[in-house]
Amino acid sequence: MPAETETGEEKTEEPTGKRRGEARDEGQVAKSVEVGNVAVLLSGLASLYIFGTYLYGRLEYFIHDAFKVWSDPSFTDADFLALTKRYIEDYIITLLPVFLLIVMVTFIVQAIQVGGVKVTWKALQPKLSKFNPISGLKQLLFSVRSLVELFKSIAKLTLVAWIAFLVIRSEMPYLINLGDMEINSIFLYILSVMFKIFLWTSMLMILIAIIDYSYQMYEHEKNLKMTKQEIKDENKQSEGDPQVKSRIKGLQKEMAMRRMMEDVPKADVVVTNPVHLAIALGYDNVAMNAPTVLAKGAGQVAENIKKKAKEHDIPVVENVELARNLYRMVELGSEIPTTLYQAVAEVLAYVYRLKGKV
């Protein structure tokens, strides 16, 4: 069902690139928390697999060393503080590769999820609307997103507990043998059971993450949808108001027409067809390679060109075919093409003879 605005207008239009860019600048992206959780789980699982032997060796060393030191009768409070400091440092160094791997994988997954890294401060800017306790309580209790998050939390807790129960139940036949095993073997067995629970939980979380990310994408696209009026308003902002644009075009056309009419007195001849078209030609053998169209027009513009030419004693020559070709083939301010040289030369020769020019 299409979303609606406060005015009741349905959001049925696909979001524009500008709309998507603004949403991203404000930190609004399709992002699933479950994808991040899965990244943490899988990177933790990979860490246990890669550094498992190393971690086990270090843990074994810590236990043996602790029992050996604490059994020393000369052990004092000062020794205890020094030992605690050394253990904290050793623990940090031991777990540092695991933490770095988890952070790196999580960062890469989150960056891929949101389409790259982009720092934006808009999402961090305080908004008074966010501090309204009544609207916040309504959103917490009655929004669809809150219900979905509540359902996800209950489902995850239930499924993880169910997986742990199934794994432990499958291991029950082996638990009775723990009393006959050494401490190292018991510890390794517990780690293997935890790893198995971790593995099955990760597989389940991947499925949940796929479903949740699909839902977040759907919600994100639905929230970005726009109304027809919003599309029109955005077009006005990006392209300008149509009325203003029309007025600007009118002024530009008027200015161009004025400049064109000012060039008519510079023409040597005005070629007509004779009623509908008028083209003013000028030629300066020093500054031009070929005769140039100084002004041209049809209808009333043609009448204005002919009137201006008569005011300045510029000859007006009737040549239907040449007038049509000049109007159709030559842009204002451009030189005539070679295909029209002969016809234009004949007209200019006629005009020069009238004026007594050579």
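**Terms and their grounds**

Guide: Helix H11 (residues 320-329) lies across E3, strand E4 (277-282), E5 and E6, and runs at about 80° to E4. The model is a predicted one, in which local features need pLDDT of at least 70 and side-chain atom pairs count only at pLDDT 80 or more, while totals for chains, interfaces and linings use all residues. Residues are numbered from 1 along each chain as its sequence is written, and side-chain values use heavy atoms, with hydrogens and water left out.

Visitor: What makes a stretch a helix or a strand, and how is an angle such as that of H11 to E4 defined?

Guide: Helices (H or I, at least four residues) and strands (E, at least two) are DSSP runs, numbered from the N terminus. Axes are lines fitted to C-alpha atoms, for helices over the stretch in contact, and angles run from 0 to 180 degrees between N-to-C directions. On that scale, helix H12 (residues 341-355), which packs on the sheet and touches E3, E4 and E6, makes about 125° with the direction of E3.

Visitor: Why are E5 and E6 said to stand at the edges?

Guide: Two strands pair if DSSP finds at least two bridges between them, and four strands form an open sheet with mixed pairing in the order E5-E4-E3-E6. Strand E5 (292-298) and strand E6 (316-318) each have a single partner strand, so one side of each is left without a neighbour in the sheet.

Visitor: How do you know that E3 pairs with E4 and with E6?

Guide: The requirement is at least two bridges; four bridges join E3 to E4, which run antiparallel, and three bridges join strand E3 (residues 269-272) to E6 in the parallel sense. Both pairs therefore meet the definition. Val 269 has Leu 281 as its bridge partner in E4, whereas Val 270 has Val 316 as its partner in E6.

Visitor: Why is Lys 152 called buried?

Guide: Buried means under 20% relative accessible area, exposed over 50%, and partly exposed in between (1.4 Å probe, protein chains only). Lys 152, in helix H5 (residues 144-170), has 10% relative accessibility and therefore counts as buried. Contact means heavy atoms within 4.5 Å, and, leaving aside neighbours within four places in sequence, Lys 152 is in contact with Glu 34, Asp 212 and Gln 216. Of these, Asp 212 is 60 residues from Lys 152 in sequence and 8.8 Å away in space, C-alpha to C-alpha.

Visitor: Why is Thr 201 also described as buried?

Guide: Thr 201, which lies in helix H7 (residues 183-224), has a relative accessible area of 9% and is therefore buried. Not counting residues up to four places away in sequence, Thr 201 touches Val 160 and Ile 163.
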